[in-house]
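Please read them with the structure open.

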Amino acid sequence: MLELEHRFRVVDVHARLNADAGGVQTRGRAISPDRLEREMHQAGVVRSVVFPGARDGGSYVSANNAVARRSVDRPFLAFARINGPRDPGERASSRLRNLAARRKDHHTSPEDVEQYAYDDRFHGFKLNPAEDGLPDEETLDQLEDVALPVLVHAGEGFSPAAAEDSLLSRSFPVVLAHFGGHPLNRELMTDAVDMLERNDTCYLDTSYVRYRDLLERAVMEHPDRVLFGSGSPSSHPNVAVMEILTLDVPEDAMRKVFDKNARRVLDDSLPGDF
């Protein structure tokens, strides 16, 4: 694919990197870290947040370390994927089960969070509650202490309302992936945009968001709270960048989405002259 020409510097806060078997695996396609890097370069992406894909049970320690190793000398910022014992459901039965939920050996512990946070290979955390469960309160307390951003897969399995109830009372930055509406749930995406009014630590990423009106509304109403996410490798970063470039929004707002807002959330992870 030809390189995408534009005048913006782009930081991508949402790319999956399955490094266990030497490549990114999605629906039968194996995309190596080298190819992922090339595709990001084609799209004008200068830094990419990367994290492991889902595992069928077990700890994420080895997958996180593999992603961190494959990020060395590449323009990747590794996020450690974390899990927990609590059911993310919003029903009374889920709340009842959570009263008895106890952390097991394969769940992320407060000590794990502290170790990741002070390992300079990691720059934040990735959480998919619908697949991996929610951390317990003690682990959330540690996440608050280390104050690194948490990228949260949100949608039909873990709604914006559930995120607001369980995570957004905390002080660490929370980036709701997919505008909180995976897969393409317009109602949930609208809820997430509305939620920005009352949650100062909440941000949205644009991965897999295909509704132009919702993108434009969020960028115009909350220009400091929307971050670019490609959703790579499932979505080519060229396509994701072009969807933002074709929005009817001011250039300054577009620059915030592509770069400035990610700098605010990632803080010291992005040097000023990268």
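1. In which loop is R170 found? R170 sits in the loop between α7 and β8. Helices (H or I, at least four residues) and strands (E, at least two) are DSSP runs, numbered from the N terminus.

2. This is a predicted model, in which local features need pLDDT of at least 70 and side-chain atom pairs count only at pLDDT 80 or more, while totals for chains, interfaces and linings use all residues. Residues are numbered from 1 along each chain as its sequence is written, and side-chain values use heavy atoms, with hydrogens and water left out.

3. At 10% relative accessibility, R170 counts as buried. Buried means under 20% relative accessible area, exposed over 50%, and partly exposed in between (1.4 Å probe, protein chains only). The R170 side chain makes a polar contact with the side chain of E137, at 2.5 Å. A polar contact is a pair of N or O atoms within 3.5 Å; within protein, one must be able to donate a hydrogen and the other to accept it, and residues adjacent in sequence count only if both atoms are side-chain atoms. Not counting residues up to four places away in sequence, R170 touches E137, L140, D141, E144 and T201; contact means heavy atoms within 4.5 Å.

4. Eight strands form an open sheet with parallel pairing, in the order β1-β4-β5-β6-β7-β8-β9-β10. β1 and β10 (226–227) are at the edges with a single partner strand each, so one side of each has no neighbour in the sheet. Two strands pair if DSSP finds at least two bridges between them.

5. Strand β7 (residues 150–155) has six of its six residues buried, so it is largely enclosed by the rest of the structure. V150, V152 and A154 are buried on one side, and L151, H153 and G155 on the other. Three bridges pair β7 with strand β6 (residues 122–127) in the parallel sense, and K126 stands opposite L151. Five bridges join β7 to strand β8 (residues 174–182), again parallel; V174 is the bridge partner of V150.

6. β7, helix α7 (residues 160–166) and β8 make a right-handed β-α-β unit. Right-handed here means that, with the strands pointing away from the viewer, the path from the first strand over the helix to the second runs clockwise.

7. The largest nonpolar core has 62 residues, of which F125, L167, L176, F179 and F228 touch the most other members. A nonpolar core is a set of buried Ala, Val, Leu, Ile, Met, Phe, Trp, Tyr and Cys residues joined through side-chain atoms within 4.5 Å. Another core, of 15 residues, lies apart from it and includes F51, L77, V175 and A262.

8. In helix α10 (residues 237–245), P237, N238, A240, V241 and I244 are buried. Seen down the axis of α10, the buried residues fall within an arc of 165° (taken from the directions from the helix axis to the C-beta atoms), so they line one face of the helix. These residues pack against β1 (10–16), α1 (33–42), β4 (45–51), α9 (212–221) and α11 (251–266).
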